[in-house]
Amino acid sequence: MIKYLKSLWALVFSNIIEFSLLASILMLSGAYAFEYIGGLFPCDLCWPQRYAHMAVIIFASFTLYFRNLNQRKWLRFKMMTLFSYAVSVGYSGYHVGVEQKWWEGPDSCTITSDTGTVSALEFFNQLQEIPFVRCDEIPWEMFGVSMAGYNFLISLLFTFMLLLSIRKNFKR
């Protein structure tokens, strides 16, 4: 089993850009499938996570293009791919914290329950301005992990592997 995991690690590590590109394509496709097929619309914290994966797709594609053409540009785009995954880790980690009620999310997608200081009409008007999708509720989860949680874990793994790969490139 350990031998199999080591060979899997070596395969992914040696083709990290290809796997990064594939992972972002699959995660973004999954997000859009949940939205358009499953009816789970994104909240305000989901959008930046999607944008980070769009950036990964763009930068990883350029990295693959420049791999044999220009080593300097290849390494720059590889670093931008790493940065995009790091942005995904930050936003998805923040989103998980909001879902778990570890901290409060942005006002645009959470409801505060301070109804004692406002009139009923003002409270009703506030409810009209709140979007339908809340960031602090988990619309879907598998094995106790939300979509933002899976995004965090996968993005963290690829951030770590890209960091090791770039470190190896600088040692050469």
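The lining of the largest pocket comprises 19 nonpolar, seven polar and four charged residues. In this predicted model, that pocket has a volume of about 630 Å³. The lining of the second largest pocket instead divides into five nonpolar, five polar and five charged residues.

**Largest pocket**

- The largest pocket is lined by 30 residues, and those closest to its centre are A31, F34, C46, M147 and A148.
- Two or more lining residues come from each of α2 (16-36), α3 (46-66), α4 (71-99) and α6 (147-171).
- Helix α2 gives the largest share of this lining, with six residues.

**Second largest pocket**

- The second largest pocket holds about 270 Å³ of space.
- Its lining consists of 15 residues, with S14, W74, K78, S165 and N169 nearest the centre.
- At least two lining residues are supplied by each of α1 (2-14), α2, α4 and α6.

**Nonpolar core**

- In soluble globular proteins, nonpolar side chains tend to be buried together.
- The largest nonpolar core has 19 residues, of which I16, I17, Y85, F158, M161 and L162 touch the most other members.
- Helices α1, α2, α3, α4 and α6 each give two or more residues to this core.
- Beyond its neighbours within four places in sequence, I17 is in contact with A60, T63, L64, K78 and L162.
- Among these contacts of I17, L162 is also one of the core residues that touch the most other members, while K78 is one of the residues nearest the centre of the second largest pocket.

Key: Residues are numbered from 1 along each chain as its sequence is written. This is a predicted model: local features need pLDDT of at least 70, side-chain atom pairs count only at pLDDT 80 or more; totals for chains, interfaces and linings use all residues. Side-chain values use heavy atoms; hydrogens and water are left out. On a 1 Å grid over the protein atoms alone, a cavity is a set of points where a 1.4 Å probe fits but cannot get out, and a pocket is an open set with protein on both sides within 12 Å along at least five of seven lines; lining residues have an atom within 4 Å of a point. Grid points are joined across faces, edges and corners, and a volume is the space filled by probe spheres set on the points. Helices (H or I, at least four residues) and strands (E, at least two) are DSSP runs, numbered from the N terminus. Ala, Val, Leu, Ile, Met, Phe, Trp, Tyr, Cys and Pro count as nonpolar, Asp, Glu, Lys and Arg as charged, and the others, Gly among them, as polar. A nonpolar core is a set of buried Ala, Val, Leu, Ile, Met, Phe, Trp, Tyr and Cys residues joined through side-chain atoms within 4.5 Å. Buried means under 20% relative accessible area, exposed over 50%, partly exposed in between (1.4 Å probe, protein chains only). Contact means heavy atoms within 4.5 Å.
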